[in-house]
Number of protein chains: 2
Amino acid sequence: MADEEPKPAPPPAQAPAEGGEEGAAGPSKKAAKKAEAKAKKEAEKARREAERKAAQGASGQQTGPAEDLAKDNYGKETHETVYSPEAEEINLKSLGDEHVGKLVILRAWLQNARMQGAKMAFVELREEGNWAIQGVVAASPEGTPVSRPMVKWVGAINPESFVVVEATVQKPLEPVKSCRVANYELHIKKCFVHAAAPTMLGMTLAAANRTIANFSDEEPPVEKAVENLTIASTPAPTSGEPVGIPAATMLTHLDNIVMHKRAPVQQAIADIRAEVKDLFRSYLKSHGFKEFEPPCLISAASEGGANVFCLPYFDKQAFLAQSPQFYKQMEIAGGRKRVFSIGPVFRAENSNTPRHMTEFTGLDMEMEIRKDYKEVLHMLEGVLLHIFRGIKERCAYEVELIRSVYPSEEFLLPEPGKEVRLTFAEGQKLLREEGPEEYRNVSDDEDMSTPQEKALGALVRKKFNSDFYVLDKFPEGARPFYAKVDPTNPKLTNAYDFFMRGQEILSGGQRINDPEELEARIRQKGVDPASPGIKEYVDVFKQAGVPAHGGGGIGLDRVVAWYLNLPSVHLAAFYPRTPKRLVP
Amino acid sequence: MADEEPKPAPPPAQAPAEGGEEGAAGPSKKAAKKAEAKAKKEAEKARREAERKAAQGASGQQTGPAEDLAKDNYGKETHETVYSPEAEEINLKSLGDEHVGKLVILRAWLQNARMQGAKMAFVELREEGNWAIQGVVAASPEGTPVSRPMVKWVGAINPESFVVVEATVQKPLEPVKSCRVANYELHIKKCFVHAAAPTMLGMTLAAANRTIANFSDEEPPVEKAVENLTIASTPAPTSGEPVGIPAATMLTHLDNIVMHKRAPVQQAIADIRAEVKDLFRSYLKSHGFKEFEPPCLISAASEGGANVFCLPYFDKQAFLAQSPQFYKQMEIAGGRKRVFSIGPVFRAENSNTPRHMTEFTGLDMEMEIRKDYKEVLHMLEGVLLHIFRGIKERCAYEVELIRSVYPSEEFLLPEPGKEVRLTFAEGQKLLREEGPEEYRNVSDDEDMSTPQEKALGALVRKKFNSDFYVLDKFPEGARPFYAKVDPTNPKLTNAYDFFMRGQEILSGGQRINDPEELEARIRQKGVDPASPGIKEYVDVFKQAGVPAHGGGGIGLDRVVAWYLNLPSVHLAAFYPRTPKRLVP
């Protein structure tokens, strides 16, 4: 079909879905808080105005209902709504030159509508993620008629309504900067509202796509807002961004979960999260690992009972698994050489920080050791490097989009063959010798604190140019009873942690596989090997010969959050669970 | 390296790891019960005898310790154990002609050892799953010396010890029938026990690989054994199987989880389970679906609170999700076109049947509907057919192995284009007209019972030659409030169930996406739309326009169990959870 419409000039770039680079000077959180409320009011005002205008348009124009030649081409979609049989359903992702001039159907969220005079309206139609295209509806009696009332009606559709448009694909005079699909636009012939958004959204898409101002689970009184914040400041919008759209709090986001999720920045984070899982899975499968599923419901709190959720289970008690480790080891004992699992784990820890959640996703693996536990360490390092390189290759667009909202420095990777592996003692030495004053006396025998870890991360970045490194050979006192002690030095274990940007994302090591050695070690730790939960664990190694093995558990949410340097791990989760928050 | 050993004849086929075709005439369960106890005794006796002989061999031979030229070539593996640097570590799966004559190292479970005279012993070495190879150790002074004490020592290793052998790969005179690797054998030069199994296993591999006699969670008194059984009889071993190894109960299996898992039949089931997940995931991803993760911990029991686990959650209460449906719909509302999830779901149902578990894995999907909910139905049918065909193609060996223990008829699939889709009314008509006497009066308005479903499954198999079919258009009364009523007939819903061998494996349909329609429907069902759990659900559709959508949830455990016609879904799970059972 030939297009008979004039090619309209693109509207001024005003992309609620795309944040610009964030400036350095942000308003105070108090101001942000106030501005948020103000913006809500303004949005409502604007919406009412648009409605009023639209109503005027429908009645005030000289084309009465009887004369509206386009009356069957717009309105609320019903069972009688008819689309042209020759129109092809399209996906924006696969739109190409072969579609130009063709009649197509697009089902999408209308994220923006704007009148341009009385005879033309521009809309932005978003399909998924950040895939949006500009649509133009212009009054014209030719071909499928488009009337002025139709133009006004389309221009007044509530943003975030789900619409179906029938349109011809055209190339715009110049690329449409505000939409990801920049080289095509839709000349709309029919437009129906399939599901209407409310007149007043709880949170606009533009607000949903901004930096979140505050991750606290409690709405702080305005006066206390500054002190209660755990997170970095909210940068001011740059010139490319709509003015007057301040950052909202995480609570506002979660209360408006639908709009939160529609924000391109959240969709990009979700895409990267899925990619990390795929990269983890495919790498391990290609290295001979088999997937299994550990249970969530377990009969005993194996690690002493701290921070474990407990529930009535018929006439007994059950606990929610804090880690699949026992079950990973059972798989190895049960005749598997290499296993992995991806699933939820639970911690009843009353920690209200941006690093903690009560439910999160563990990426876990366990494998037989042939000669040395370093085989496991290298496998874990390998899978993480595969993930980091994979994100960079496959998710460049998403990373860029997220950085436009949450600025971050490139995640530095070691060059192949130059992986950063320090012993715990080497790490402590670095801290003592080159770290901040307060770490001059850190000991080789005690575990590190979170601030120590961050300080070491900064030193490693400076010295080795990498945001990813391994700390090996943790002191015996810092590891649990099942950790294998270094046969050459009883003060150390064959256990390690991995770090991203100075924050721990993995803990693992070689486990004791000999039941007698295990029992001796448990006693040495002051625990009775016959106590509940412990006995069942030890018994597994008595059932039949179990080879040397080791593994590790990676926190998926942390990998995603720290790679992107997000201000909170809660942003990386689909439905973050915190001590104070179980909804949505 | 040229091999200098004589090629020994293969030992008589005696494969504990491979059951033959099961005979028709089984012993009574009471007899099986008794035989189980008897076999345990006999196994212990045999073991003691072997130990005694081994001890005699080590001391009675005329090669004293000082003269044992092979003394460095066997024993318990220590840090001083040395293997030949030129020996290559192998995997049985990738063993080929290029290895013949070469020196290799294999790490494996010794599943069987047997003396052949005083100078030769045969062992079976199992790597993973059913991958086993025959090893031969024969006394010889040539090359790396093998002494008689070494032969006897190897011949007396406790089965299911984990060993490391150094050996040359040879082709046997004729294929080794008892091992999956039939065309190669290992001529052992060194053999070390890496992790010893106990002298007396709680359950032998042969017993672990037999049909399970009883799936009850309570050990029935021997007198009541027959009545308490819920499962089909235990077939007698056929001539190809070791005599005197009766079937054990599921309780015995779970108490001996390590041996249960080592059984090739269980490893094959686990492999198929993993394959089903992969097939589900890859099919949906290739059709534009995105993976997401619903939470397990939720704030309200959305479906009325029946059968839901409840737990203290800090100062509140939490529930364990019975289904990810609400969250799947939230993803669609949140701007995704198609989503899927794979994860645990929980039911606090006190049902002690072979079809129920309290924790199981859901394969869930949800998608936007463009024109008709049949799009969803066809997508679900498509992914299941992809899974069934995929199992047949990729897991033929595993299916065969499982059938040798749990015999089953081929799972019949419809030919492409001849998928069996009946309306609920058509199904009921078939039952009335061609089903058993007691179903002459079944109604089109009431849901089916489990026996009715099975009867219909049998009729469908006979009539359409398929074990897989869809029942569509369930009556309004049989579906929950969120089910979309058929716009052309208010007595029906756009909802369906899928069946395998007459048993439900999937439930799904179109959901109501309009908040007003949803509230009206909730009221019609006698529920207050403002009640907790319901209100949060309805509010999602008020936040912004949500397109028409539908989906379905598949029980992974059931798909695996019914495809293979296993006697209990518990066999398909890694760690089955029942009202009475939380361990291991």
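Which residues in α11(A) meet which residues in α12(A)? On the α11(A) side they are G427(A), Q428(A), L430(A), L431(A) and E434(A), and their partners in α12(A) are Q452(A), A455(A), L456(A), L459(A), V460(A) and K463(A). Keep in mind that you're looking at a predicted model.

**Two helix pairs in chain A**

Let's stay with that pair for a moment. Helix α11 of chain A covers residues 424-434, and helix α12 of chain A covers residues 450-464. They pack at an angle of about 85°, and their axes are 10 Å apart. Since angles of 65 to 115 degrees count as roughly perpendicular, α11(A) is roughly perpendicular to α12(A). As for the kind of residues in this contact, six are nonpolar, three polar and two charged.

Now for another pair, α9(A) and α10(A). Helix α9 of chain A takes in residues 374-394, and helix α10 of chain A takes in residues 396-405. Here the packing angle is about 85°, with axes 5 Å apart, which makes α9(A) roughly perpendicular to α10(A). From α9(A) come I391(A), K392(A), E393(A) and R394(A), and they meet A396(A), E398(A) and V399(A) of α10(A). The residues of this contact split into three nonpolar, no polar and four charged.

Here are the two pairs side by side:

| Helix pair | Angle | Axes apart |
|---|---|---|
| α9(A) and α10(A) | about 85° | 5 Å |
| α11(A) and α12(A) | about 85° | 10 Å |

**Domains of chain A**

Stepping back a bit, chain A is divided into domain 1 (71-195), domain 2 (205-262) and domain 3 (267-572). How far apart are the centres of domain 2 of chain A and domain 3 of chain A? Taken over C-alpha atoms, the separation is 32 Å. Domain 2 of chain A puts twelve residues into the contact, and domain 3 of chain A puts in nine residues. Between them, domain 2 of chain A and domain 3 of chain A bury about 840 Å², with 63% of that on carbon and sulfur atoms.

**How the two chains relate**

Definitions and conventions
Residues numbered from 1 in each chain as written. Chains lettered and ligands numbered in written order. Predicted model: local features only at pLDDT ≥ 70, side-chain atom pairs only at ≥ 80, totals over all residues. Heavy atoms only, no water. Axes fitted to C-alpha atoms, helices over the stretch in contact; angles between N-to-C directions. Helix = DSSP H or I, 4+ residues; strand = E, 2+ residues; numbered from the N terminus. Parallel < 35°, antiparallel > 145°, perpendicular 65-115°, else oblique. Contact = heavy atoms within 4.5 Å. Nonpolar A, V, L, I, M, F, W, Y, C, P; charged D, E, K, R; others polar. Domains from an automatic or database assignment. Buried area = accessible area lost by both parts, 1.4 Å probe.
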